[in-house]
Amino acid sequence: MRHTVHVPMRWSDMDAYQHINNVAFLGYFEMARVNLFFEHPTHDDQTGMRRGLVVHSHEISYKRSVLYDADPLEIQIWVSGIRAASFTCHYELFDHGRLAVTGSTVLVPFDFARERPRRITPEEKAFLLRYTDEQPA
């Protein structure tokens with residue numbers, strides 16, 4: 001299942017050519033992740049990845065330029081590659097219904113008290129599986 005988030009563009013996201021600057025899209029993807037993992041109304045302290053995540057890597061592909069508009073962008077986010085201590089988020093960003101940007105982020109659960117990666121808990125894995133098309137292992 002995909003989670004859909006509507007993200008507003010900011011005037012300051014425009015570049016000299018009056019397109020949304022390429023780096024702004026990583027921020028939009030971050031807003032979608034925060035919405036899914038931390039703000040979604042069904043989360044509690046055991047699910048939703050509230051215990052902490054760090055970014056391992058990003059990949060992004062630009063399909064078309066996006067012009068600033070007051071209408072928000074639509075981002076669809078989903079999960080794949082759930083491992084013992086990492087998983088991947090995928091994104092499709094739509095501008096007025098047209099696919100404009102795709103991307104992915106590898107995330108690692110992190111224990112900030114110990115300053116080291118940690119394993120995904122069974123509750124977190126169950127939460128993540130709700131947002132993937134993969135069959136549980």
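Two strands are said to pair if DSSP finds at least two bridges between them. Helices (H or I, at least four residues) and strands (E, at least two) are DSSP runs, numbered from the N terminus. The model shown is predicted: local features need pLDDT of at least 70, side-chain atom pairs count only at pLDDT 80 or more, and totals for chains, interfaces and linings use all residues. Residues are numbered from 1 along each chain as its sequence is written, and side-chain values use heavy atoms, with hydrogens and water left out.

**Figure 1. Overall arrangement of the protein.** The protein has 2 helices and 6 strands, in the order β-α-β-β-β-β-β-α from the N terminus. Of its 137 residues, 43% are buried, where buried means under 20% relative accessible area, exposed over 50% and partly exposed in between (1.4 Å probe, protein chains only). The protein exposes about 7900 Å², of which carbon and sulfur atoms supply 50%; accessible areas come from the Shrake-Rupley method with a 1.4 Å probe, and for residues only the protein chains shown count as cover. Contact means heavy atoms within 4.5 Å. Among contacts between residues at least 6 apart in sequence, 64% join residues at least 24 apart.

**Figure 2. Strand β3 and its partners.** Because 7 of the 8 residues of β3 are buried, this strand is largely enclosed by the rest of the structure. β3 pairs with β1 in the antiparallel sense over 5 bridges, and Val 5 stands opposite Ile 75 in β3. With β4, β3 forms an antiparallel pair over 7 bridges, in which Ser 80 stands opposite Thr 88 in β4. The hairpin of β3 and β4 has 6 residues between the strands, and Gly 81 in the turn has a positive phi of about 60°.

**Figure 3. Strand β5 and its partners.** Since 10 of the 14 residues of β5 are buried, this strand is also largely enclosed by the rest of the structure. β2 and β5 run antiparallel and are joined by 9 bridges; Leu 53 has Pro 109 in β5 as its bridge partner. β4 and β5 likewise pair in the antiparallel sense over 9 bridges, with Leu 99 in β5 as the bridge partner of Phe 94. Their hairpin has 2 residues between the strands, and His 96 takes a positive phi near 50°. Strand β6 (residues 116-117) pairs with β5 in the antiparallel sense over 2 bridges, and Phe 110 stands opposite Pro 117 in β6.

**Figure 4. Helix α1 and Arg 33.** The 16 residues of helix α1 (residues 24-39) should span 22 Å at 1.5 Å a residue, and the end C-alpha atoms are 21 Å apart, which agrees; the expected span is 1.5 Å times one less than the number of residues. Buried residues of α1 include Phe 25, Tyr 28, Phe 29 and Leu 36. Arg 33, in helix α1, is buried yet has no salt bridge, and the nearest side chain of opposite charge, Glu 30, is 4.7 Å away. A salt bridge is a side-chain nitrogen of Lys or Arg within 4 Å of a carboxyl oxygen of Asp or Glu; Lys and Arg count as positive and Asp and Glu as negative, whereas His and the chain ends are not counted. Leaving aside neighbours within four places in sequence, the contacts of Arg 33 include His 58, Cys 89, Tyr 91 and Thr 105.

**Figure 5. Gly 52 in the loop between α1 and β2.** Gly 52 lies in this loop and is buried, with a relative accessible area of 8%. Not counting residues up to four places away in sequence, Gly 52 touches Val 108, Pro 109, Phe 110, Phe 112 and Arg 118.
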